[in-house]
Amino acid sequence: MKAKNCLIFGGSGQIGSFLIRKLTKNNIKVTVVTRNIHQKGLKIKTQGNAGFIDIKEAKIFEENKIEKLFSEADYCINLIGILYENKRNTFKSIHTIFPTLLAKLCKKYNLKHFVHISALGINDAVDSQYAISKLEGENNILTNFSRTTILRPSVVFSNSDNFSTQFMTLLRRLPVFPLYYSGKTKFMPLHATDLSNIIYHILSNKIETQVIECVGPEILTFKEILQILLNLINKKRLLIPMPLSLAKISAKFFQLLPKPLLTEDQLRLLKYDNVTSGKYKTNSDIGVPSKLFFKNEVKKYSFMWRDGGEFSTEKYMSENLKEEN
Ligand SMILES: NC(=O)c1ccc[n+]([C@@H]2O[C@H](COP(=O)([O-])OP(=O)(O)OC[C@H]3O[C@@H](n4cnc5c(N)ncnc54)[C@H](OP(=O)(O)O)[C@@H]3O)[C@@H](O)[C@H]2O)c1
């Protein structure tokens, strides 16, 4: 059977790497679009076997360049997203206007399936510009191309995320750590491998559900997540509930940084639990329950944040003990 072609936008990111491996191993050829082939090419190229990966350089609004790629594609997957805005990249342009363009091109070139990654909880977070832009993007996509599946993941983690790794760095360095909303916000962390399995399942089984909430196998509060991470890196830190007024002031300050640790919009988003709504199908409902638990998976790479690094692992310690005996 002829291998299918999948056009991926945002494939150089965290989820992209896992997804490219999953698709190419399963005989799907991918064309990955990046803004900078010199910066991202090597990372993308090494995620699959030669012959299965093609890389194209294009800015997301270079419509002519992008349109040409659709004539060869069977599937399109959009992984482009931002957590904070700057002058050039607004939530509206990245989460609303660009995905709408992709949906129109999917229709024009009669693609078999469009998978768009949105985010969990965006119906509730009515005061977040991030959530509003994602929701508008979803609506526009669905009115333009019906063979679309929109995935709404909870927080996605892996050894190359900006979540568990960034928190471990901060927890290692800071003597105290602020708990926004007393650390009570709930999440269902989803491993990037599980999310890639969901996407592959949707393409290969022609799942036609339009919106699917994608979650990991457990519910953890923000405080529980931090406690797991502290435990894994063998650190004790004071986790202190931060009054909202102070949190707002710190977010105002942080968002001035080129890569903000926290923005006012993210603070608003953190107010809402990031768990299944009960209104949409979940990955379990379509037959792909998540298997990977947060603590077990982070344990595999957390040693790099512990004193002693790789020499602090159980494997190294037990080998050393054997030698001593
Ligand atoms: N990670 C999570 O916890 C999580 C949770 C819920 C939803 N999501 C959504 O899932 C999708 C993928 O997430 P991810 O964690 O893999 O993201 P990521 O690691 O930040 O990667 C996203 C990719 O998007 C491209 N990109 C970023 N800014 C861009 C811009 N201004 N213009 C054009 N391209 C841009 C980049 O590719 P190039 O540099 O190669 O162009 C980047 O590699 C996003 O839509 C995100 O909102 C993620």
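Tutor: Around the ligand there are 22 residues, of which the closest are Gly 10, Ser 12, Gly 13, Thr 34 and Gly 81; a residue is near a molecule here if its C-beta atom, placed from the backbone, lies within 6 Å of it. This is a predicted model, in which local features need pLDDT of at least 70 and side-chain atom pairs count only at pLDDT 80 or more, while totals for chains, interfaces and linings use all residues. Residues are numbered from 1 along each chain as its sequence is written.

The greatest contribution to this shell comes from helix H1 (residues 14–25), which supplies three residues, helices being DSSP runs of H or I with at least four residues and strands runs of E with at least two, numbered from the N terminus. Sorted by class, the shell holds twelve nonpolar, eight polar and two charged residues, where Ala, Val, Leu, Ile, Met, Phe, Trp, Tyr, Cys and Pro count as nonpolar, Asp, Glu, Lys and Arg as charged, and the others, Gly among them, as polar.

The loop between H1 and strand S2 (29–34) contains Asn 27, whose phi is positive, about 70°, although Asn 27 is not a glycine. Asn 27 is exposed, with 11 other C-beta atoms within 10 Å; the cut-offs are 12 or fewer for exposed, 20 or more for buried, and partly exposed in between, with C-beta atoms placed from the backbone.

As for the whole chain, there are twelve helices and 14 strands, and buried residues make up 39% of its 325 residues.
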